[in-house]
Amino acid sequence: MKRLRTQVGIVGAGPAGLTLAHLLDRVGIESVVLEDRSRDYVEHRIRAGVLEHGTVELLRESGVGERMDSEGILHHGISVQFEGERHRIALTDLAGGRSIVIYGQTEVVKDLIGARLERGLPLLFEVDGVSVRGFDGDEPAIAFRHEGEEQELRCDVIAGCDGFHGVCRPAIAPVLRTFEREYPFAWLGILAEAPPSSDELVYAHHERGFALLSLRSPHLSRLYLQCRPDENLDGWPEDRIWDELRTRTALDGWSLNTGPILEQGVTGMRSFVAEPMQHGRLFLAGDAAHIVPPTGAKGLNLAIADVAVLAQVLDRWYRTGDEGGLASYSETCLRRVWRAEHFSYWMTTMLHRISDDPFDLKLQLSQLRWVTTSQAAATSLAENYVGQPFELAS
Ligand code: FAD
Ligand code: DHB
């Protein structure tokens with residue numbers, strides 16, 4: 001068996017694992033990133049597209065923001081649509097000058113992989129049989145296979161950045177308390193070669209179900225429709241998708257741009273938190289520890305906020321031996337996580353068709369009127385949407 005040694009062993013090359021490796025490198029801490037998929041797969045897995053103000057600043061200040069700054073699209077507002085009317089929420093005016101940037105998760109991942117490989121730092125794709133151990137004591141290790149060879153990576157700390165279906169959270173399941181909610185609907189998402197029909201994102205409430213207009217570039221639209229969790233895409237030919245989007249977003253004097261559909265998929269909706277986000281020398285970050293339904297655009301941003309804290313406490317620990325920061329990691333992250341959990345749950349239940357009960361509908365319409373007419377309510381939505389400044393550990 002081949003034996004390797006590093007300071008921080010990172011499982012998963014999604015936004016959490018790659019950003020952590022990058023931030024650690026900036027302060028001179030070595031890491032090895034292990035990913036079970038191929039580079040091509042992780043660079044083309046279409047997911048989130050909205051970067052919070054704090055995420056943008058972190059990527060820029062840490063030196064991987066160049067392409068984001070030239071190709072990302074700065075937005076100062078979003079719209080909420082219901083009962084055939086569209087209402088703008090002026091995010092930047094309401095949230096103290098903060099804004100969001102539209103830049104695909106795929107692009108963030110490509111930038112981070114590019115930066116790491118350019119520096120010649122270890123990032124192994126297509127590993128398998130990953131398992132973690134020794135994190136209860138001083139000798140954490142990750143066992144895995146790569147190119148047919150059994151290997152063992154010894155490290156000081158393991159970062160479980162391996163997403164919801166990874167191996168790190170199950171390894172500490174007995175000490176975790178979990179909180180969960182599943183929703184009886186999902187999103188059918190498409191990427192289409194069509195100029196965006198709206199300059200800003202539109203979150204639309206409709207009796208037939210939720211719809212979202214988003215974008216990736218001046219030529220690419222990203223659009224979502226509420227559907228059943230077990231929706232079969234065979235039942236959704238292109239014409240049906242466009243008809244349904246047109247119906248749910250219809251507005252006098254406005255029309256939806258259409259074009260060839262390049263990609264489509266169904267995403268389930270769940271809320272999930274595992275507490276604490278640490279056990280011994282194993283730290284969970286991102287989707288490995290928590291999931292939000294996508295309506296608040298928080299998943300990717302939370303993953304990056306977690307590892308900003310983790311990189312900071314690890315840096316302090318290596319420099320001073322102070323364990324206090326490490327011990328406060330989970331509590332620091334969970335404050336932000338639960339705010340995002342509530343916001344995402346609130347946006348989800350306000351905007352989707354959640355039942356056939358007219359009482360639910362009345363409550364939704366009342367909330368929608370409130371956030372689009374009360375400055376206080378709109379400010380609350382805006383503050384949550386652009387995200388709180390990144391909090392550092394005590
Ligand atoms: P991930 O991106 O899941 O990265 C984990 C990595 O670990 C993956 O590369 C995985 O291959 C790897 N891995 C897993 N198991 C192992 C193992 N055993 N060994 C080694 N590597 C392993 N959020 C939004 O805000 N808006 C959206 O529209 C949106 N759409 C989404 C669509 C889908 C289909 C999914 C699944 C998520 C979506 N999200 C969305 C959520 C957002 O993409 C995630 O919150 C974000 O990817 C979290 O980053 P992460 O690094 O924590 O996890
Ligand atoms: C996108 C995804 C989201 O979950 C969201 O709330 C807004 C935009 C997107 O993929 O562009």
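Colleague: Before we start, what should I know about numbering and cut-offs?
Modeller: Residues count from 1 along each chain as its sequence is written, while chains are lettered from A and ligands numbered from 1 in the order in which they are written. As the model is predicted, local features need pLDDT of at least 70, side-chain atom pairs count only at pLDDT 80 or more, totals for chains, interfaces and linings use all residues, and side-chain values use heavy atoms, with hydrogens and water left out.

Colleague: Okay, ligand 1. Which helix gives the most to its shell?
Modeller: The shell holds 31 residues, each with a heavy atom within 4 Å of the ligand. The one giving the most, with three residues, is α9.

Colleague: How much of ligand 1 does the protein bury?
Modeller: Start with polar contacts, meaning N or O pairs within 3.5 Å. Taken alone, ligand 1 exposes 1,000 Å² (Shrake-Rupley, 1.4 Å probe), and the share buried by the protein is 85%.

Colleague: Now ligand 2. What share of its accessible area does the protein cover?
Modeller: Tyr203 puts a polar side-chain atom 2.7 Å from a ligand oxygen, and a backbone N or O atom of Pro294 sits 2.6 Å from an oxygen of ligand 2. On its own, ligand 2 has 290 Å² of accessible area, and the protein covers 97%.

Colleague: Which strand provides the largest share of the shell around ligand 2?
Modeller: There are 14 residues around ligand 2, with Ser214 and Arg216 among the nearest. Strands are DSSP runs of E, at least two residues long, and β16 (211-217) and β17 (220-227) each give two or more residues to this shell. The largest share, three residues, comes from β16.

Colleague: Last one: within what arc do the buried residues of α8 fall?
Modeller: Helix α8 covers residues 238-249 and reaches 17 Å from its first C-alpha to its last, close to the 16 Å expected, where the expected span is 1.5 Å times one less than the number of residues. Its buried residues (under 20% relative accessible area, 1.4 Å probe, protein chains only) include Ile241, Trp242 and Leu245. Seen down the axis, the buried residues of α8 line one face, because the directions from the axis to their C-beta atoms fall within an arc of 165 degrees.

Notes:
Helix = DSSP H or I, 4+ residues; strand = E, 2+ residues; numbered from the N terminus. Buried < 20%, exposed > 50% of the residue type's maximum accessible area, 1.4 Å probe, protein only. Polar contact = N/O pair within 3.5 Å; in protein donor to acceptor, adjacent residues only side chain to side chain.
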